[in-house]
Amino acid sequence: MTRTDAPTGPATLGQSRRGRWGAGSIWPVVAILLVLLVAVGIRQPDFYDPPALLAFLKRAAPLIVLAAGQYFVIVAGDFDLSVGSLVTAEVVIAARLIDGDPAATWPVIAVVLAFGLLVGLVNGLVTTLLLVPSFITTLGMYLILVGAVYTWTGGSPRGALSEEFRMFGRRGIEGVPWLGEIPYAVLILLVLGTLAILAMRADFGKVLLAVGDNPRAARLAGGRVAGVRTIAFVISGGCAAVAAILLGGFGGVSFQVGVGLEFTAITAVVLGGVVLGGGRGSVVGAMLGALTLQTLLTLLNLLGVAGALASAVQGLIILAAVAIGGLRART
Amino acid sequence: MRKRTVAVLAGTAMVLAGCSSDVPAGNPAATASADAGAGTGETSSFFVQADYDNEIALRTATASGPADKPWEQALNPTNVDTAKYKKAGPYNLCFSNAGVGNPWRQVGFKNMQAEVKLHPEFKSFQVADAESKDDKQISDINDLLGKGCDALIVSPNTTATLTPAVEQACAKVPVIVFDRGVNTKCPVTFINPIGGYAFGAAGAEFLTEKVKPGGNVLALRILPGVDVLETRWAAAKVAFDKSQLKVVGVEFTDGDAAKTKTIVSNYLQRFGTIDGIWMDAGATAVAAAEAFEDAGKPFPAIVGEDQQDFLRMWQDRKLTAVAPTYPTYQWRTPVIAALKILKGEQVPSPWKLPQPTITDANLSQYVDPSMPPLHYAMCGCSDLPGYPGEWGGK
């Protein structure tokens, strides 16, 4: 099982320790994704037309960004349950502040990003300094955000997003030969995905994995445990802000935009082979997990499976992935 | 066995969604669809043939009352005597509100507050907001009864659960119920527009006229199991089953714009063309239309509602559209009714308000770029004090 070639980065760390198909490996999710893609292709051959494929990636981008953010938190051994309500809060705040005025677009984007980072920072500090388990911290943050948004808006969003704000989630670079339109959401996804991979290859990523694997050992080895865990929450908050910009752009103002996203993101991360409890799994796996989940939902739709069953399928995936992960870790 | 599993899953999903509704017992009128090929599924257990017939008849009834004030009109009214409630003013008016948790209720509540200001006979207006919780509304009603109300307006959160609390209130003050109903005749009057069957039928009939025979229609619903929404779909199903249209899907959107857009995009991919979109509520109509725009497809014939964002898009893009309404002006009527009752004047009971539909012909009367995108145009509020500022307009 154990491969002897030297790990080239954290993405392969799990593999080298547990083998190609062991816990934390990305290969199971790659295999599932390929099977699903073949199934979608059989059901819907023009899915693979470049414009259709890019449109699919555009719709998947917010979830992939959220999953990437959630990965940093989970791999360090924590949870972030606040991202769904944070997405809703961000979209509602953006609509209220922009109120249809194009000139307000960029300042509001800055506010949205800053607010996401701030919420992440608070989550991180409460968890690491006050020693509140992250499950509780972020559950509390979730409730605070839900309640605050409800109080502030009276239960229904006001104002409107400008076309300039919505452009990022909705439009793209038009008239590209062969590809048609390259959605901005896909470009943003590529940039953030690259940054996430680089972060995990840097020292930060190595410490983060070590913290998730064994916090005590990491601390004794001189790792700034509280620091990297806090940064992980900040990254998750920032990713939620970006996802909010993409989702608000794609669909417009809605009070439901973030509902359930925290669990979808966690499902995606787990599906990507990342072990709950931390220490194992790669950010590429987490992002592929999100892509796989989106592909699965598309396939269910193509097969005519009712929407209500989609959440049941999501639940089954969490249970199956964690159970199989546990079995693999034991062998 | 499989069916039972699905039912259990659906039941669980409903509990998770936290929707409270009053599920009627299975009713004999609900028979399987005559045309199983129409793709509209089974008839809802909420469908009651007599109610359906009644609402369809009311759509063409002539209203009595001032033509320019539909909130004072009544359809086929039967008046009741209120002499026993007559008393000298000024009055304390009380209102137990189910909540203000969506733009429709927000616009409506502003209408009501402004209507109260029109009448100096009211010296106070006390409001309790139940925040969409049955238990809070029950205790709200009790609290209000201890505050010297001369009349109580109730907008119930759910029908069955609030009935005992309303009955208690009836024993002490004249009660006026509006929007959702209660299972008791004790309120002096019950005010609401025609209802869900008429709403659903208006949209579906428009599609049967505008979409060519054999055309693909996608039906988008918010969620199952809520009576006011079930009746809308049940009536649409009747119209679609009679038509030559092909209902390619009936999907639940949770009222979420992004989810709506994804569903519509998926259907466009799957079927190539969608010729008509039916919706049980218009909040995500703009998102549905945008999905066509983003996919580079022509707009379908589409059913929306009277929210400004949709009306504006309809006018700007010259959509083939219709907007049945569940008018927010019904929030003005209970205040008017309370005043009549306290003065001992007769009121219609039940008080059925007209339920207009916005079409190409009258669209320009309702589009108003100075109002916020989620404002409901059929508010009858432009003559009220504080308009448009209080409603978020400029």
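Which residues of chain B does UniProt list for "domain: Periplasmic binding protein"? The UniProt record, an unreviewed entry, gives residues 95-345 of chain B under that name. The model described here is predicted. Over residues 95-345, chain B is 46% helix and 20% strand.

Taken as a whole, chain B has 12 helices and 16 strands. Its radius of gyration is 21 Å, close to the 21 Å that the globule rule gives for 394 residues, so chain B is as compact as a globular protein of that length. Along the principal axes, the C-alpha atoms of chain B fill a box of roughly 65 × 55 × 35 Å.

The strands can be followed next. Strands of a sheet pair through backbone hydrogen bonds, and the pairing is either parallel or antiparallel. One open sheet of chain B is formed by six strands in the order β5-β4-β6-β7-β8-β15, with parallel pairing. At its edges are β5 (122-129) and β15 (351-353) of chain B, each of which pairs on one side only. From one strand to the next, the twist averages 15°.

A helix lies against this sheet. Helix α4 of chain B, residues 134-145, packs on it and touches β4 (91-97), β5 and β6 (151-155) of chain B. The direction of α4(B) makes about 170° with that of β4(B). Within the sheet, strand β7 (residues 175-178) and strand β8 (residues 189-193) of chain B run parallel and are joined by three bridges. To find one of these contacts in the structure, look at Ile176(B), whose bridge partner in β8(B) is Thr189(B).

Another open sheet of six strands in chain B has the order β10-β9-β11-β12-β13-β16, and its pairing is mixed. The edge strands here are β10 (246-252) and β16 (357-358) of chain B, each pairing on one side only. Helix α7(B) packs on this sheet, where it touches β9, β10 and β11 of chain B. The direction of α7(B) makes about 170° with that of β9(B). Strand β9 (residues 216-221) and strand β11 (residues 276-279) of chain B run parallel, with four bridges between them. In this pair, Val217(B) stands opposite Gly276(B) in β11(B).

Helix α7 of chain B, residues 227-242, also has a helix as a neighbour. Its axis and that of helix α6 (residues 196-210) of chain B come within 7 Å and cross at roughly 35°. The crossing of α6(B) and α7(B) is right-handed. On the α6(B) side, the residues that meet α7(B) include Gly196(B), Gly200(B), Gly203(B) and Ala204(B). On the α7(B) side, the residues include Ala235(B), Ala236(B), Ala239(B) and Phe240(B). By class, this contact has 11 nonpolar, five polar and two charged residues.

Finally, how many residues of chain A are in contact with chain B? There are 27 of them, and they meet 29 residues of chain B. Four helices of chain A each supply at least two residues of the side that touches chain B: α3 (50-75), α11 (225-251), α13 (283-302) and α14 (307-330). Helix α14(A) gives the most to this side, with five residues. By class, the side of chain A that touches chain B has 11 nonpolar, 13 polar and three charged residues.

Methods
Residues are numbered from 1 along each chain as its sequence is written. Chains are lettered from A and ligands numbered from 1 in the order in which they are written. This is a predicted model: local features need pLDDT of at least 70, side-chain atom pairs count only at pLDDT 80 or more; totals for chains, interfaces and linings use all residues. Two residues are in contact if their C-beta atoms, placed from the backbone, lie within 7 Å. Ala, Val, Leu, Ile, Met, Phe, Trp, Tyr, Cys and Pro count as nonpolar, Asp, Glu, Lys and Arg as charged, and the others, Gly among them, as polar. Two strands pair if DSSP finds at least two bridges between them. Axes are lines fitted to C-alpha atoms, for helices over the stretch in contact, and angles run from 0 to 180 degrees between N-to-C directions. A crossing is left-handed if the near helix is turned anticlockwise from the far one by less than a right angle, and right-handed if clockwise. UniProt positions are given in the numbering used here, feature names are shortened, and annotations may be inferred rather than shown by experiment. The radius of gyration is taken over C-alpha atoms; the globule rule is 2.2 Å times the number of residues to the power 0.38.
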